[in-house]
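Let's take a walk through this one together. Have a look at the fold first, and then we'll go through the pieces.

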Amino acid sequence: MDATTAIYNERVSAGVPWYYVVKKGQSIRIIDLEGCQAVDTLFYNANNHEERYSASDTIREQGSIFITTGTKLLSSDDNVMLEVTHDTCGNHDTLGGHCSAESNTVRFGHDKKYMHSCRDNYLYAVGELEMSPRDLTNNINFFMNVPVEEDGHLAIVDGISHGGDYVQMKAHMDTLVLISNCPQLNNPCNGFNPTPIQILIWDN
Amino acid sequence: MIEETIVLNEVIMGGGKWSKLMKRGQTIRLSALDNKASLSALFYNADNTAERYNSADTVKIQWNAFLGKGKVLFSELGHVLFSITEDTTDGLIDTLSGMSNPRIVEKNFGSGSYEQIRNRYFKSDRENFLVELGKYGMGKHDIVQCLNLFRKVDVAEGSKLLLSEKRPVSGDYIELRAEMNILLVLSNTPHVMEKGEYAPSDVHVTIYERSANEDTTLQFSKEAKRGFENNARYFA
């Protein structure tokens, strides 16, 4: 699609939260501008935030743990929220969740407590939106690579996205999109170097 | 020898819902009374129910999508809610595939309404959880990705989710030690990927002040130990 016809076209800095309502029928594209960036993303029914993206329903109904072209993103109320229509990257994670100050202390050591995290971004955003912290749940990590082996071993390994890779979704309902452009510095989810993303939205 | 003190002994009927406040240090034993046992669990810090089980942190922190004896169950605030202190099923635990709802139950088992079969009607996890959470003033936004006990979901070829055919045998049990004060909510309904006959087995529940079975040699990972340190700080 032509960027000049987009109704929204913004650069989102490394490490910050971003949110916007994508209307039913509109398409949203997230571009990993420099590659290897993890984009932690949650979705809500814009008219009823208690209906939200459900990672377990989404992966179970499609029979695969990865998000890619053709994936229908299902809600906790069993509805299709969005469908992935384009994906130049491949496998996007929805098992690993988002980083927090508290989980950083457990994963990497108590000295990491004061580092910036996705959870802080999310809590700040849901505070501003006057939503509840209980609205936060398991998210998608676009462009993050988390393979699972037969014995269950799971590792966050080097990203596979390159600069310019993108994922695009068409909204099946008015959807609040809530992103934390991940600031994690302690593992390779974003190549130890958080970078900006570009977001475009089109009317269809 | 640990002196065993049982504080609760109950049976959760097949299809039933159940909840209990547990005190830090108590152990719950969940025993399959037949091979169709299948529990789904949600659990919360009872002193602050905004803090709850986080499946993503649990698998990520411990580097494994599968759970079993010696693993711990993390909240989203870096605390250990439960330790898995005993598991005779050898890992029949699933935290990837979520919970059933009425549509899925009808798809997998057909129609089984109250009008048709009275109290044996086909209940779903979602219905059970909403009813039970409602008793604590909680609701939809408190429902997160749950923990499923007595069934396992394999990840084949790196991505495909398949319900394992392995089942518990009668008498198999899993013990969870509460590492904080916990609100535990259980739904005794067939696994969300189960099909065929709707016939969930009864499950026996025992809560101990301390279990006589407690394995004092259990080795926890360094990540789990830092979780316990966070717990100690919380209760300081």
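In what order do the elements of chain A run from the N terminus on? The answer is β-β-β-β-β-α-β-β-α-α-β-β-β-β, and the tally for chain A is 3 helices and 11 strands. Helices (H or I, at least four residues) and strands (E, at least two) are DSSP runs, numbered from the N terminus. A word on the ground rules: this is a predicted model, where local features need pLDDT of at least 70, side-chain atom pairs count only at pLDDT 80 or more, and totals for chains, interfaces and linings use all residues. Residues are numbered from 1 along each chain as its sequence is written, while chains are lettered from A and ligands numbered from 1 in the order in which they are written.

Start with the overall build of chain A. Its C-alpha trace spans about 45 × 35 × 35 Å along the principal axes. A compact globule of 204 residues would have a radius of gyration near 17 Å, and the 16 Å of chain A agrees with that; the radius is taken over C-alpha atoms, and the globule rule is 2.2 Å times the number of residues to the power 0.38. Of the 204 residues, 50% count as buried, meaning that 20 or more other C-beta atoms lie within 10 Å of the residue's own, with C-beta atoms placed from the backbone (exposed is 12 or fewer, partly exposed in between).

Now zoom in on strand β4 (residues 39-45) of chain A. Here 6 of the 7 residues are buried, so β4(A) is largely enclosed by the rest of the structure. Strands count as paired if DSSP finds at least two bridges between them. β4(A) runs antiparallel to β10 (residues 175-181) of chain A, with 7 bridges, and antiparallel to β8 (residues 140-142) of chain A, with 3 bridges. Val39(A) takes part in both: it stands opposite Phe142(A) in β8(A), and its bridge partner in β10(A) is Asn181(A). Then there is β5 (residues 48-52) of chain A, antiparallel to β4(A) and joined by 2 bridges. These two strands form a hairpin with 2 residues between them, and Asn45(A) has Asn48(A) as its bridge partner in β5(A).

Over in chain B, look for an open sheet of 6 strands, ordered β1-β13-β3-β11-β6-β5 with antiparallel pairing. Its edge strands are β1 (6-12) and β5 (72-74) of chain B, each pairing on one side only. Inside that sheet, β3 (residues 27-32) and β13 (residues 203-208) of chain B pair over 6 bridges in the antiparallel sense, with Ala32(B) opposite Val203(B). Helix α5 (residues 222-235) of chain B lies across β5 and β6 (80-87) of chain B, at about 130° to β6(B).

How do the chains meet? 35 residues of chain A are in contact with 37 residues of chain B, where contact means C-beta atoms, placed from the backbone, within 7 Å. On the chain A side, the elements giving two or more residues are α1 (55-62) and α2 (101-108).

That brings us back to α5(B). The axes of α2(A) and α5(B) come within 7 Å and cross at roughly 135°; axes are lines fitted to C-alpha atoms, for helices over the stretch in contact, and angles run from 0 to 180 degrees between N-to-C directions. The two helices are therefore oblique to each other, as angles under 35 degrees count as roughly parallel, over 145 as roughly antiparallel, 65 to 115 as roughly perpendicular and the rest as oblique. Glu102(A), Thr105(A), Val106(A) and Arg107(A) of α2(A) meet Glu223(B), Arg226(B), Gly227(B) and Asn230(B) of α5(B).

Terms used. Contact = placed C-beta atoms within 7 Å.
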